[in-house]
Amino acid sequence: MSCLQSRPKLSRSEELLRYAKSQEEIQMNLKLLGMENDRDLQFLLQGGDLLKVRSKSWKKTRYFRLMEDCKTMFRESKRTFKTSKTFLVDEISAVRMGRQSDGLRKNTEEHVESRCFSIMFKGRRKNLDLIASSEDEARQWVNSLQKILSSLNNLSTQAKTEHWIFSCLRKSDKNKDDKLSLSELKNFMLLINIEVDDDYAEMLFEKCDKSKSGYLAGEEIKHFYDLLTHREEIDVIYGEYAKTSGFMSPQNLVDFLKKEQREDATLADAHNIIQKHEPDENAKEKKLLSKDGFLMYMHHPEALVLNPDHREVYQDMDQPLNHYFISSSHNTYLMEDQLQGPSSTEAYVRALLKGCRCVELDCWDGSEGEPEIYHGYTLTSKILFKDAIKAIKEYAFKTSDYPVILSLENHCSVEQQEVMAHHMSSILGSALVTSPLGDGMPKGFPSPEELKGKFLIKGKRLNKLEEKKKLKLAKALSDMVVYCKSVHFHGFEDARQHLSFYEMSSFKENKALELAGESANAYIHHNVEKLSRIYPAGSRTNSSNYNPVPLWSAGCQVVALNFQTTCTDMDVNQGRFLINGKSGYVLKPAYMRDPASEFDPVTLTRGDWLQHKMLHIMVISGQQLPKLSKKKSSIVDPLVRVEVYGVPDDIAEEKTNAIDNNGFNPEWNENMEFNVHVPELALVRFTVEDHDSATSNEFVGQYTLPFNSLRMGYRHVPLLNKNGDVLPSAGLFVYIMVTDAN
């Protein structure tokens, strides 16, 4: 029997009822997104046929549409329902028009360029390469997907929570009668990551079943939702300050802000918060803040643990380039390991979208006179140099406007080096820096601000003597190296005496860590004048990473990591560059830019850098932590680990106890204290783990940020998954205080 025949046939009335419910769900979700009557969304909901491309010989029609929840894309084969699949819109990282992906370039002809587009996913999931029936249709798909992606990303935390809980309620309502039986309620509790015993579930059910009908419906489900999402800790805080008929007046709110969050709060701030976050129009008209409005404010980015001023570019961007830490990638073209994994232009796109400002290109002679990029003397696949440059050009300034450094590992013949120079010149055009900025001979680096929207080339450069010797370096390529000339390192004294500011060395991680441990102050002085690039040891064939913090503490700017690898070191790297508008540039502390600096992160001699602080953190509660297994019965036992990264004296960690079987609303109320001697170099990492007494704990989510970007008082901490993407609705609630230790 076919899949079509095995499906139960619905009566006409059942079909109409199901259709009516689906339309009701669509309208509710469109309203939540603020996209009622939006033509692009209607296009996605209707859906259509697209040609899916896997290879030159495998191109098959698939039907795609947005499902009623307005957050899930559905696709199925035209021939059988067996191959129907779904993916979340939240899983999309980018939608690219044209034959931009490696797969489309390899498996399609140029004449279909205008009809092609690719859906790129977060993490290591493969692209969806698609062909529409016309250019207009392809553009409609791309524009519509980008719009729904943007709308979902802009949803408030409260709205995302409601959206998620509503979806779980829908899944639990097995017979789709808009009612919840006791067994369906238990199923719902498991879906949202909380396990309760039968007695408690029955007590909750009976408390909400006012009609005594044996199921929950309408207002009873709303009552159950209110009981479930009730947060006692918020009640206590709100109740302490809501002194105006059970509401917060502007003055009550100012009292809360000044005592619990920031001392400089004003009545104008309070009025702005009420106007912006109060959902009840009557309360808003009376200039009062309800408990719902207070919770919405507490979840807003302006009230989270990260200083909202640091979400934008706030640092001085007019300092010389070498006075900044620069987000940097190693062997950027690799998607997986260093020996036999795929190379891809998508790897460059992903790194650049994460704010990376220095990417690496290993260049080798290719066939038909076209240079290729791959990891030499290994089995990694190859991509064309020109395709990598095109991808870099397109995505270089999507996340940040500040300069991108192309670090060339050049193994090409002179002839193909000429081709490399031609491609960079023709593709990058005037954005490529080929001569010093300003008049006369430069004596130092230009600033990131002066280099906005520009590309710098790091590589070998001929001097006049070498030109006469006709070394194996094309002059056209050599002339493109202006501010980042690659040279060997022969010691700090040799570099001080013989190297110009634009001559930079690359260090293997082990050598760099040795210098940072034994000669940190000399390393800092070296990096006051010059750039240093650090790269992973060759033994890291699995693309693992190293801890970048000791290298930053020695003033190294270009600390290159394997961006494709999810790990603690990459989390810390992204935490360092979370601030300053995610520009990929973070200004080094003043004592790391001073030629006479006596700072040494190892010995910590006295100086301006020594600002001994005590960090007090109370981990209060967690919200909507994700399930780690698709099994309904798999519920997390969460604990919170807090770590401080920085100079050796500041490295520390503490953890809470584990809470059994509750990932929905666990409460800890546990205190921690940390000594922080050099705040400007310290980072704080919050990690949630699923406790397992038999094996190692499993990662649930994390958030890392610079110590000096912490906000004081009651704060929500968002959580990121292992790929560095936000976990919708999930977070921690904490209280933070920093005091002088002296």
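1. Two strands are said to pair if DSSP finds at least two bridges between them, and the strands themselves are DSSP runs (E, at least two residues), just as helices are runs of H or I with at least four residues, numbered from the N terminus. The structure discussed here is a predicted model, in which local features need pLDDT of at least 70 and side-chain atom pairs count only at pLDDT 80 or more, while totals for chains, interfaces and linings use all residues. Residues are numbered from 1 along each chain as its sequence is written, and side-chain values use heavy atoms, with hydrogens and water left out.

2. The UniProt record, an unreviewed entry, places the feature "binding site" at Asp 690 and Asp 692; UniProt positions are given in the numbering used here, feature names are shortened, and annotations may be inferred rather than shown by experiment. Asp 690 lies in strand β25 (residues 683–690), and it counts as buried because its relative accessibility is 14%. Leaving aside residues up to four places away in sequence, Asp 690 touches Leu 628, Val 636, Asp 637, Asn 697, Glu 698 and Val 700, a contact being heavy atoms within 4.5 Å. A polar atom of the Asp 690 side chain lies 2.8 Å from the backbone nitrogen of Asp 637.

3. Asp 692, by contrast, is found in the loop between β25 and β26 (698–706), and at 33% relative accessibility it counts as partly exposed. Its side chain makes a polar contact of 3.2 Å with the side chain of Thr 695; such a contact is a pair of N or O atoms within 3.5 Å, where within protein one must be able to donate a hydrogen and the other to accept it, and residues adjacent in sequence count only if both atoms are side-chain atoms.

4. The whole structure holds 29 salt bridges, each being a side-chain nitrogen of Lys or Arg within 4 Å of a carboxyl oxygen of Asp or Glu. In one of them, Arg 105 meets Asp 387 with the closest N and O atoms 3.2 Å apart. This pair links distant parts of the chain, 282 residues apart, with Arg 105 in helix α4 (residues 102–107) and Asp 387 in helix α16 (residues 385–395). Arg 105 is partly exposed because its relative accessible area is 22%, whereas Asp 387, at 12%, is buried.

5. Another salt bridge joins the side chains of Glu 449 and Lys 452 (3.4 Å, N to O). Glu 449 is partly exposed, with a relative accessible area of 31%, and Lys 452 is partly exposed at 36%.

Note on methods. Buried < 20%, exposed > 50% of the residue type's maximum accessible area, 1.4 Å probe, protein only.
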